[in-house]
Amino acid sequence: MNIVGVKKLKTVVDKAIADVEITDVHTHLYASCFGDMLLWGVDELLTYHYLVAEVFRWVDIPYQQFWEMSKREQADLIWKVLFLENSPYSEACRGVLTVLNGLGLDVGSRDLSAYRRYFSEKTMEEYMDQVFELSRVKEVVMTNDPFDDNERKVWLESYKADPRFIAALRIDPLLNTWDQVWMKLKDWGYHVEEDLNGTTLEEIRRFLREWADRMQAVYMAVSLPPTFAFPENSSRAVIIEECVLPVCREFNIPLAMMIGAKKRVNPGLELAGDSLGKSSIETVEYMCANYPYNKFMVTMLSRENQHELSVVARKFRNLMIFGCWWFLNNPSLIDEMTRMRFELLGVSVIPQHSDARVLDQLIYKWAHSRRIIADVLFDKYKDLLEIGWKLEENEIRRDIEKLFSQNFWDFVKKKL
Ligand code: FIX
Ligand code: ZN
């Protein structure tokens, strides 16, 4: 028995967290066969939409003028304003520096040209290997949208599997803008009309089956507004009930609902222009209760939804909550949410995902989250030791493997 005492506890937890190979359950990364859809390198890091939002706190140029700049010019502006004229302690700015430091570059030099030279000497493939090794991420789940023309072309003509990149079928256009996309399905050979009649619903199910199969999708996913309601007299609710949930059951895959994103509150900022709102927990309760043979992965964007979401997860074994999503992916909120979840759910949660849009971000998003989750876990284990519980090192490693990978795969494979 390798019993861990309080003196050794921190070392054991930190080492186990550092060692665990992560399954990142939600990202916007792409395998190399998707070409330029995969973003990487310092200019992509600097122009990540989180930093675009922050730079516009300082600059008064018209939005269009920024978007007409080259990527390099945008990065130059962001570097100047957010890193040189102001201290870069926001989480998104700090993340850029964590990546550069993780690569062994001298962050103290503030030499953007030197950083660019470093990346210019890399190929995407060799850099990809380096990032996966440095971040100790073993696999990432992509966000795969068949309605994206570039992405669909790759799936139909040139897709090449890479075991590090797992597919998830993203269906926002189908659910959120049916009136605009039904004609696309018709063009692709599905016998659909805007009217959700019997034939249309069967053809939508065929579309979902064919793409879930083509992608070998491990879940279907959708981002939903704070106003999302179900049941509801809407095309979204009909398609969810008649098409999405039945096909998810057929494939035994979860539906991942990412609830609370308020799109384009400031359209001029484009991707950076989204905000959030508090959503209805009753909708999550209703779906879990009334579809006991469906599996739901849920993350919510509002801090105010987090406690009730953790409580609802206590009520339904077909619900797995995951991640500190987007505006919640900040140290103070990761700490708060992780403590709340560990206290209410124990080990049965997926505490984090990266949402990485730029390959390099795997380095910082996971370095930052590992630190915080390790500190919370240490406190929880210490509480146990102080009341006489005996903990073995392999039990600590068992729990951490579940939190960072196995809980996800067990849930994906779970038969209800
Ligand atoms: O809907 C989503 O998958 C969101 O994560 C994105 O739309 C968002 O822009 C993002 O990348 C947040 O981290
Ligand atoms: Zn995302």
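# A tour from the pocket outward

Start with ligand 1: the space it takes is the largest pocket. Keep in mind as you click around that this is a predicted model.

**Stop one: the ligand and its shell.** Select the residues around ligand 1. There are 13 of them, and His49, Tyr50, Arg170, Asp355 and Arg357 come nearest.

Now turn to the polar contacts. Pick His28 and look at its side chain, where an N or O atom is 3.1 Å from an oxygen atom of ligand 1. Next, pick His49; a polar atom of its side chain lies 3.0 Å from an oxygen atom of the ligand. Then go to Asp355, which has a side-chain N or O atom 2.9 Å from an oxygen atom of ligand 1. How much of ligand 1 does the protein bury? Taken alone, the ligand exposes 330 Å², and the protein buries 98% of that.

Select residues 220-224 to see strand 5, which pairs with strand 4 in the parallel sense over two bridges. Now widen the view: these strands belong to an open sheet of five, in the order 4-5-6-9-10, with parallel pairing. Which strands stand at the edges? They are strand 4 (169-170) and strand 10 (319-321); each has a single partner strand, so one side of each is left without a neighbour in the sheet.

Select residues 137-141 for strand 2, which pairs with strand 1 in the parallel sense over three bridges. Zoom in on Asp24 and you'll find Val140 of strand 2 opposite.

Some background first: most residues other than glycine have a negative phi, and most peptide bonds are trans. With that in mind, go to the loop between strand 5 and helix 13 (235-251), where Pro231 lies. The peptide bond from Phe230 to Pro231 is cis, with omega near 0°. Finally, select Arg264, in the loop between strand 7 (261-262) and strand 8 (275-276). Is its phi positive or negative? Arg264 has a positive phi of about 50°, although it is not a glycine.

Technical notes: Residues numbered from 1 in each chain as written. Chains lettered and ligands numbered in written order. Predicted model: local features only at pLDDT ≥ 70, side-chain atom pairs only at ≥ 80, totals over all residues. Heavy atoms only, no water. Pairing = 2+ DSSP bridges. Helix = DSSP H or I, 4+ residues; strand = E, 2+ residues; numbered from the N terminus. Near = heavy atom within 4 Å. Polar contact = N/O pair within 3.5 Å; in protein donor to acceptor, adjacent residues only side chain to side chain. Areas by Shrake-Rupley, 256 points an atom, 1.4 Å probe, with all protein chains shown as cover. 1 Å grid on protein atoms, 1.4 Å probe; cavity = no way out; pocket = protein on both sides within 12 Å on 5 of 7 lines; lining within 4 Å. Sits in = over half its atoms within 2 Å of the grid points.
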